[in-house]
Amino acid sequence: LWHSHTLDSTFEVTCGQVSDRQKSVIGNVYLLRDITEKVHLEYHIRQNEKLAELGEMVSHIAHELNQRLTSIVGFADMVAKSSLEIPDAMQNRIHKIRGEADRAEMFVKNLLAFGRPNDTEHKPFSLNTVAAKVAELRADSLEEQSIALKLNLADELPLIKGCAHEMEQVLLNMIDNAAHAICHHQNSGSITITTGYSEADTLTM
């Protein structure tokens, strides 16, 4: 095989000798056959095979995670619904455990949908609801780092269409990055989540 960088093509090269009547070699003949499309096709086939193997591995991981999450959710529900007198603070923590488990279950569903991005479900949701939910999930851990989490949410914010779980993940990552920066440069600080709606029909967070 020979690849021409100038032509960006791959050729299959066949070489044959040319002899005269006395059977003495007087030269060579080279036959070049363009097999660029074949090479590209074989490459894509190999990539698809790798993706298929990766998909099987991801499905196995997702199955294992689902089993653990089922136990976590089950125990959290059992404690929350038990006849024992549980302090409000503990009930709140149990609620947050269940919320994190639900987020993890959504993550597992995304793993199972690997390679099928068009299957992501898009529904109308509120940025304010996302912000409030994320704030509830992160408030305690940020408080332990001496970081206050504040909400400045616009009233009557219109719904947007998309994947609320993905937006939650983006906001969580932004909060975690901000918290890391605060801890790196100072001992305490605050993070404010602000939502808004402009006259240009643009939502902001």
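**A sheet, a patch and a buried glutamate**

Mentor: Keep in mind that this is a predicted model. Start with the sheet. It is open and has 3 strands, in the order β1-β2-β3, with antiparallel pairing. The edge positions belong to β1 (2-4) and β3 (25-34). Each has a single partner strand, so one side of each lacks a neighbour in the sheet. On average, neighbouring strands are turned by 40° against each other, direction ignored. Now look at one pairing. Strand β2 covers residues 9-19 and meets β1 in the antiparallel sense over 3 bridges. As background, strands of a sheet pair through backbone hydrogen bonds, either parallel or antiparallel.

Next, the surface. A nonpolar patch is formed by L51, L54, M57, I61, L65 and F107. Together they have about 510 Å² of accessible area. Helix α1, residues 36-80, gives the most to this patch, with 5 residues. Take M57, which lies in helix α1. Its relative accessibility is 47%, so M57 counts as partly exposed.

Finish with E168. This residue lies in helix α4, residues 164-185. E168 has a relative accessible area of 8%, and it is therefore buried. The cut-off for buried is under 20%. Leaving aside residues up to four places away in sequence, E168 touches R103, V130, K133 and V134.

Key:
Residues are numbered from 1 along each chain as its sequence is written. This is a predicted model: local features need pLDDT of at least 70, side-chain atom pairs count only at pLDDT 80 or more; totals for chains, interfaces and linings use all residues. Side-chain values use heavy atoms; hydrogens and water are left out. Patches are made of residues with over 30% relative accessible area and no salt bridge: like charges are joined within 9 Å, nonpolar side chains (Val, Leu, Ile, Met, Phe, Trp, Tyr) within 5 Å. Accessible areas come from the Shrake-Rupley method with a 1.4 Å probe; for residues, only the protein chains shown count as cover. A salt bridge is a side-chain nitrogen of Lys or Arg within 4 Å of a carboxyl oxygen of Asp or Glu. Helices (H or I, at least four residues) and strands (E, at least two) are DSSP runs, numbered from the N terminus. Buried means under 20% relative accessible area, exposed over 50%, partly exposed in between (1.4 Å probe, protein chains only). Two strands pair if DSSP finds at least two bridges between them. Axes are lines fitted to C-alpha atoms, for helices over the stretch in contact, and angles run from 0 to 180 degrees between N-to-C directions. Contact means heavy atoms within 4.5 Å.
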